[in-house]
Amino acid sequence: MIDALEGLRVVDLSHAIAGPTCTNMLVELGADVVKVEPPATGDGFRHYTEHGGEPMLSIPFAAMNAGKRSLALDLKTAAGREVLWRLVERADILVENFRPGALDRLGFGFDALHARCPRLLLVSITGFGQTGPLADRGAYDHIAQAMSGIALLNADAEGPKKIGLPIVDGFTGYLATIGLLAALRRRDRTGIGEHVDVAMLDAALKLVNTSVSVHSYTGRTPGGTGNRGFRLVATADFYPTGAGWIALGANTQQQVETLFAMLGHPDMATDPRFATHDARVAHYDALRDWLTVTLADWRAEELEARLAAARVPAAMLREVGEIAQHPHLAERGTLHPVVLPGWDRPLAVVGAGFATADHPPATVPVLGSHSDAVLGELGLDAAQIADLRREGVVA
């Protein structure tokens with residue numbers, strides 16, 4: 001599977017998270033991705049939080065961009081735009097996440113691209129899409145969470161809560177990949193490229209699609225449930241134990257009865273307050289209080305093992321460092337080693353998210369480290385490249 005997209009050439013004008021997530025998936029599947037970045041600063045994500053190795057290599061940037069080739073190119077110059085045209089004319093896909101209209105102002109809007117490169121697929125990722133009254137607005141992950149209802153659905157007694165990871169950014173990138181692969185399939189049949197329009201707000205709503213449909217049917221807006229979750233049962237929640245926290249996932253009647261029996265209280269399943277799903281929802285607080293007291297006598301690690309053996313979903317709450325060392329991930333090949341220039345050992349990154357074949361370690365691109373090679377592939381000789389570098393067009 002790792003070479004499924006081998007031979008596809010991708011021009012990546014995206015930055016930050018959503019666009020690079022899409023092109024990261026394309027790299028994982030074997031595509032050749034050339035990341036075009038401003039010569040002086042590169043992708044702003046290069047300067048984000050933890051840094052390692054060479055300058056301008058933040059670890060979050062490394063996780064999103066390993067395996068890509070970096071061309072440092074000033075698109076504000078006519079010479080830079082001409083180089084981009086050469087690159088695009090040889091490409092299958094162009095991915096960008098500028099605000100609507102920015103690509104047109106550079107001279108690379110879809111109409112211009114399609115006229116010159118009719119087979120090219122353009123993927124545009126924005127906060128609110130290419131059309132609609134909100135199209136001109138900018139967005140970040142938490143803005144999309146706020147507008148889509150996610151933050152209020154995640155609310156608890158203290159108020160609305162954003163999910164602490166850029167979940168909408170990442171999911172938008174994955175939807176862009178799905179849309180792109182569908183467009184690629186159509187191009188294989190028709191020979192004609194198209195414009196794939198992906199919006200963070202649409203992606204966020206896809207995450208809450210069940211709540212949208214519940215509102216459509218009932219006219220009611222689901223309220224925030226915090227850790228209680230949308231099933232509203234105390235047997236599917238997080239609890240402190242005598243050592244560590246445990247996530248219970250007893251949703252079906254059989255799972256709930258098994259949980260009660262394993263905890264040494266099978267009679268709980270006959271208590272009228274807890275005998276059925278509707279009763280357990282109605283008496284959530286009482287059941288949660290009982291579970292809190294009962295689970296305090298257990299260790300989370302032991303509970304996880306015993307509940308798993310009894311086929312009741314459960315998990316001890318782990319830090320990222322704990323799960324990253326788990327032998328399950330090693331056997332599945334979930335984490336890949338990549339080369340971080342300037343660091344003396346491999347950096348672990350998460351692969352495609354599904355099982356793929358082994359492949360050699362990729363390298364995190366230093367800004368402009370592939371400029372000469374890419375320009376050479378475009379037919380520029382050493383003297384021409386030197387002139388562009390002297391003029392500040394490339395780095």
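1. Basis. The model is predicted, so local features need pLDDT of at least 70 and side-chain atom pairs count only at pLDDT 80 or more, while totals for chains, interfaces and linings use all residues. Residues are numbered from 1 along each chain as its sequence is written, and side-chain values use heavy atoms, with hydrogens and water left out.

2. Helix α9. Helices (H or I, at least four residues) and strands (E, at least two) are DSSP runs, numbered from the N terminus. In α9, residues 200-207, the buried positions are M200, L201, A203 and A204. They lie on the same side of α9 because they cover an arc of only 160° around the axis, taken from the directions from the helix axis to the C-beta atoms. Buried means under 20% relative accessible area, exposed over 50%, and partly exposed in between (1.4 Å probe, protein chains only). The cover over these residues includes β5, α6, α7, α8 and β6.

3. S124 sits in strand β5 and is buried at 1% relative accessibility. Leaving aside neighbours within four places in sequence, S124 is in contact (heavy atoms within 4.5 Å) with E96, Q130, H195, V196, D197 and V198. R46, in the loop between β2 and α2, is buried at 0%. Not counting residues up to four places away in sequence, R46 touches residues including E37, H51, F61 and P365.

4. Strand β10. H336 and V338 form the covered face of β10, and L335 and P337 the uncovered one. Four bridges join β10 to β11 (residues 347-350), and the two run antiparallel; strands pair if DSSP finds at least two bridges between them. V338 stands opposite L347.

5. Surface patch. I163, L165, I167 and L207 form a nonpolar patch with about 320 Å² of accessible area together. Patches take residues with over 30% relative accessible area and no salt bridge, joining like charges within 9 Å and nonpolar side chains (Val, Leu, Ile, Met, Phe, Trp, Tyr) within 5 Å. Areas come from the Shrake-Rupley method with a 1.4 Å probe; for residues, only the protein chains shown count as cover.

6. Salt bridges. The whole structure has 18, each a side-chain nitrogen of Lys or Arg within 4 Å of a carboxyl oxygen of Asp or Glu. R186 and E194 meet at 2.8 Å, N to O. E302 and R306 meet at 3.8 Å, N to O, and both lie in helix α14, four residues apart, about one turn of the helix. Salt bridges that share partners join D32, R69 and E377 into one network.
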